[in-house]
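User: I would like a close look at a single part of this model, followed by how that part compares with other places in the chain. Please keep the explanation plain.

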Amino acid sequence: MRHPRTAPTARAGAAALAAAAIASLVAGCESDQDPATKAATSFLAAWADGDARKAASYTDDPKTAEAELTRLGNELALEKAQFTPGEKEDGKKEGRARVPFRARLTLGGAGTWTYGSGAEVRKSGDGWKVHFAPSVLHPALDQPFMRLVRERELPRRAGILAADGTNLAPEGSVWNIRIWPAELSDPDRAYRALKNPALGTEIDTEALKSRVDAAKPNQAVPVITLRDAVYRKVREDLLPIPGFQFYERPRAVATTARPLIGTVQPATDRTLKNAGANAEDTDEVGTAGLQYRYQKQLAGRPSITVRAVNEVEEAGPPLYRSPAKAGKPVRTTIDPDTQAAAEKALAKVKKKAALVALRPADGAVLAVANTPDSAENRAFSGRYAPGSTFKVVTTAALLRSGVGPDSTVPCPRTVSAGGRAFQNQDEFGLPPGTTFRKDFAQSCNTAFIGLADRLGDGGLARAAGQFGIGGTWDVGAATFDGSVPEATTAEEKAASMIGQGRVEASPLVMASVAATVRSGAFRQPVLVPGAVKARHRTTNALDPDVVRQLRTLMGAVVTEGSGTALRGISGSPAAKTGTAEFGTENPPRTHAWMIGYRGDLAFAILVEDGGSGGKDAGPLASAFLRGLD
């Protein structure tokens, strides 16, 4: 069997680097030992202490001994050595003896290897010395130029599973695209081709050009890794261009919810460092999403085998083998049918968008969709002004203060607060005698701002806390959990009433707001139940009467307000639209929102720079719910 030469690992040199911390156990090293035994035990003691030079000094070939001891420590990633000498055995010739010993070697990441060996000692002019030969280190090293090596066998990377056990990231093909500088005869053509939108991601061609210019002629420069489906779309454009290289590799590839599931890339110094992974433990590393967060769990631990090899790399039978630790799947709450409907609803959206769906009864995350699907998971981590969808939270505070759905609350076209004029979208107004129910259904900003004085200091933040906003959520993935700072000016308080100013939330947070109304209590969303240690809990529950009125008001948004896109959909959906201003342009640009629920399903949809909640986010919510029918 020919032994493949292995590349250096992060554990190489561990013995030299950690010599001071290596413990030793050498029995029978008392001062009254005979000189032959003392020579052997001194050699073993120094070896156990990680001092190859000192150990070699007790041999008759210090140079070779030091080199072989150092190599063994590096090859095996030796972390700790213990030796127990036996009784000295007299040799057949005078001035020779043998001291047997038991070795107990702790190998980095591979357990403890125990075996027997022996040290021949010979008397010379300057006393007794260990007669050094590689077989002292291990009996299998009984031929010239032999050495011990460690090999690894990696377990298959575990999957990221949906609630029904479907693997959301099965092994598939990816294509590594590189540039071969020596063959790049038409650089401009190559860099133009890399601007193809079909690649699904933007490549910094100027930075790439700098890396190519700095590379040696025959040094391949990595460009991008593409999923097989994407590669097939662009290969006819890329294949004819001189200088491109294409390598197909098997790899875990997300088939859905890609920004959430994340990506897996080859193990490099950079990816290993970012993931806190060890080079010997894996050939691939999660670089984003759940693949990154659960790298150690998914990758498992390789089996390590120690063999003796000769000068032509022919390997003998295993001398030691540590068992592999299989990767453990990450089990999520994602429902494949709900996820498919979410992604289909966003499939034709040209702008950045996100959709989150939850099960109100227990907070389980059923779907997480983002577009484009090669970008960040804005559904969980995005920080946005929630706009009028936040009026659900504001309304909870107002209802508690005594405002009722039938209370008369004026809705003028504009209102002033703290010297700033606020207006309704498209500057609409409602006639005199308008009720709060109508204000909520039509999303009247001025009506809400006019009620700001009914909420004392911190009143809005306390109401947000009842919905879990601003807490520390333990979902099983990276999230932004919302922020409702206490307003310090009249203008800021007015903006906060309508989900503007410094109020921020993610689509996940706003889906949870809808779920809280549906279930009657905040239940922190959960994506990976097995990883959740402590779910965030609120200390001040919503009043049941407030919940009942919120449900009525959100139902009115669909039947008589801005949620017209959901009319006619089965299951009596309830909703709240939102149009959130951002930026400094005049008129301001807006994000489009809709949150809502139907049965035991709650959702939030965001379209960045998307226009109006009712007109632009509403049809996406309609498509999502109809896709589940």
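Analyst: F145 lies in the loop between β5, residues 127-130, and β6, residues 147-153. Please keep in mind that this is a predicted model.

The backbone at F145 is the point to look at. Phi of F145 is near 65°, which is a positive value in a residue other than glycine. Most residues other than glycine have a negative phi. F145 counts as exposed because its relative accessibility is 60%, and exposed means over 50%.

The side chain of R147 makes a polar contact of 3.0 Å with the side chain of E313. E313 itself is placed in another loop, the one between β13 (303-309) and β14 (320-322). At 11% relative accessibility E313 counts as buried, because the cut-off for buried is under 20%.

E427 is placed in the loop between β19 (420-423) and α15 (436-442). Its relative accessible area is 33%, so E427 is partly exposed.

Most peptide bonds are trans. The bond from T371 to P372 is cis, with omega near 0°. P372 is in the loop between β17 (364-371) and α13 (378-381). The bond from N586 to P587 is cis as well, with omega near 0°. The loop that holds P587 runs between β20 (574-582) and β21 (589-598).

Another loop residue, N218, gives a further case of exposure. N218 sits between α6 (205-214) and β9 (221-227), in the loop there. With 62% relative accessibility, N218 counts as exposed. Apart from its neighbours within four places in sequence, N218 is in contact with W180 and A182. With W180 the contact includes a polar one between the two side chains, at 3.0 Å. The C-alpha atoms of N218 and V528 are 45 Å apart in space, and the two residues are 310 apart in sequence.

Helices give a view of the buried side of the chain. Helix α14 covers residues 391-401, and it is largely enclosed by the rest of the structure because nine of its eleven residues are buried. The buried residues of α14 are K391, V392, V393, T394, T395, A396, A397, L398 and L399. After α14 comes G402, whose phi is positive, near 120°.

A polar contact of 2.7 Å joins the side chains of K391 and N445. N445 is found in helix α16, which covers residues 445-450. N445 has a relative accessible area of 12% and is therefore buried. Leaving aside its neighbours within four places in sequence, N445 is in contact with several residues, among them S388, Q423 and I498.

The whole chain can now be described. It has 21 helices and 22 strands. Buried residues make up 50% of its 629 residues. Its radius of gyration is 34 Å, whereas a compact globule of 629 residues would have one near 25 Å. Along its principal axes the C-alpha trace spans about 120 × 65 × 45 Å. Of the contacts between residues at least 6 apart in sequence, 67% join residues at least 24 apart.

How values were computed. Residues numbered from 1 in each chain as written. Predicted model: local features only at pLDDT ≥ 70, side-chain atom pairs only at ≥ 80, totals over all residues. Heavy atoms only, no water. Helix = DSSP H or I, 4+ residues; strand = E, 2+ residues; numbered from the N terminus. Rg over C-alpha atoms; globule rule 2.2 N^0.38 Å. Buried < 20%, exposed > 50% of the residue type's maximum accessible area, 1.4 Å probe, protein only. Contact = heavy atoms within 4.5 Å. Polar contact = N/O pair within 3.5 Å; in protein donor to acceptor, adjacent residues only side chain to side chain.
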